[in-house]
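Here is a short report for a reader meeting this chain for the first time. Please look over the sequence and the model before reading on.

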Amino acid sequence: PAGLAPDRRRNVRAAVSGALALVSLVLLENLAGPLLNQMVLRFPGIDKALHFVQFAIVFAILAYLLKLAGYDDRRRYALAFAGGLLVAAVDETAQMWGPGRNVELADLAADAAGVAFACSLLAARGGNRATVAAAALAAGVWVTYHSHVATRDFAQGLRYERQHDFAQARVHYARALARGVRSPGLYNSLGWVEVEGNGDAARAVEYAATALSMRPNDPDILDTYGWALHHAGRSAEALAPLEKAYAAKPRMFCIHYHLGSVHLALGNRAEAERHFRQQLDRPDTREAAFARQALERMGAAR
């Protein structure tokens, strides 16, 4: 603002820049979601290390903004510490409403370790600095390593699933479950490979239902649940979750083939043909080939 003294204007600009940097840093995880997912798939546990670094920087930015606000060192560091933990809690809680995301206590632990590490470097004095910094860093390393051990089989399973090696994917998903992973993503993947790998359809329904209870409106889980119901001989029940999945995510790679198959099983040939033809608009998918085969069996191929 033109009416402010030069020093005051500089502080305002610095405060605005710092606040924008803080917001951008907190939102970075969501904005870079696809890239982060690829990194975690290749390097399980790396997301916890990134959380550690992210919230160390969050603490530093908060401490800087509180300095501009005129707080003395003792108060600003205490407030920055509490504020960093609060931002971490709010950010993690918000994952409950993000598509494909879920709350992880390990994320919060990594966030808290990062805040404590930055606080020790900036606020601690003498021998306490090295002690607290070492303890915080050790906590961050432990959380990262523990996450790596717990999720490496899940990540390996996902890689096999992408190669359509459903038997190997099932093996690694089962190991992840045995290691204590209880995420909706794992249960959904277990249901998917049971169906796609010609496994136990009834078990696939159980896995998908568990995932759905944890994340009720997720279109990918709704699709897996409906597809598993169809394979379990419950096509009439499968239609509703598949239609709900389609309404929420109409560009899902497999949804038209799944809907076409269920409609065909229910005797709705016109609807089945319509969905199979729409699946052909996704020629890069396995389901497009399956849809073409279904149309040929119906005598409706062109």
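This is a predicted model: local features need pLDDT of at least 70, side-chain atom pairs count only at pLDDT 80 or more; totals for chains, interfaces and linings use all residues.

Residues are numbered from 1 along each chain as its sequence is written, and side-chain values use heavy atoms, with hydrogens and water left out.

**The whole chain**

The chain has 14 helices and 0 strands. Helices (H or I, at least four residues) and strands (E, at least two) are DSSP runs, numbered from the N terminus. Of the 302 residues, 43% are buried. Buried means under 20% relative accessible area, exposed means over 50%, and partly exposed lies in between (1.4 Å probe, protein chains only). The chain exposes about 15,700 Å². Carbon and sulfur atoms supply 60% of that area. Accessible areas come from the Shrake-Rupley method with a 1.4 Å probe; for residues, only the protein chains shown count as cover. Take the contacts between residues at least 6 apart in sequence: 54% of them join residues at least 24 apart. Contact means heavy atoms within 4.5 Å.

**The cores**

The largest nonpolar core holds 42 residues. Such a core is a set of buried Ala, Val, Leu, Ile, Met, Phe, Trp, Tyr and Cys residues joined through side-chain atoms within 4.5 Å. Y173, L186, L190 and F276 have the most contacts inside the largest core. Beyond its neighbours within four places in sequence, L186 is in contact with F154, Y173, A176, L177 and V181. A second, separate core has 13 residues, including A56, L62, A118 and C119.

**Two helix pairs**

Axes are lines fitted to C-alpha atoms, for helices over the stretch in contact, and angles run from 0 to 180 degrees between N-to-C directions.

| Helix pair | Axes come within | Crossing angle |
|---|---|---|
| α13 (residues 269–279) and α14 (residues 286–298) | 8 Å | roughly 145° |
| α10 (residues 219–231) and α12 (residues 255–265) | 11 Å | roughly 30° |

The crossing of α10 and α12 is left-handed. That means the near helix is turned anticlockwise from the far one by less than a right angle; clockwise would be right-handed. D223, W227 and H230 of α10 meet I255, Y257, H258, S261, V262 and A265 of α12. These residues divide into 5 nonpolar, 3 polar and 1 charged. Here Ala, Val, Leu, Ile, Met, Phe, Trp, Tyr, Cys and Pro count as nonpolar, Asp, Glu, Lys and Arg as charged, and the others, Gly among them, as polar.

The crossing of α13 and α14 is left-handed. On the α13 side, the contact uses R269, E273, F276, R277 and Q279. On the α14 side, it uses E287, A288, A291, A294, L295 and M298.

**Two residues**

Q279 sits in helix α13. Q279 counts as buried because its relative accessibility is 1%. Not counting residues up to four places away in sequence, Q279 touches F253, C254, I255, H256, Y257, T285, E287, A288 and A291. Q279 and M252 are 27 residues apart in sequence and 10.0 Å apart in space, C-alpha to C-alpha.

L264 lies in helix α12. Its relative accessible area is 31%, so L264 is partly exposed. Leaving aside neighbours within four places in sequence, L264 is in contact with R269, A272, F276 and M298.
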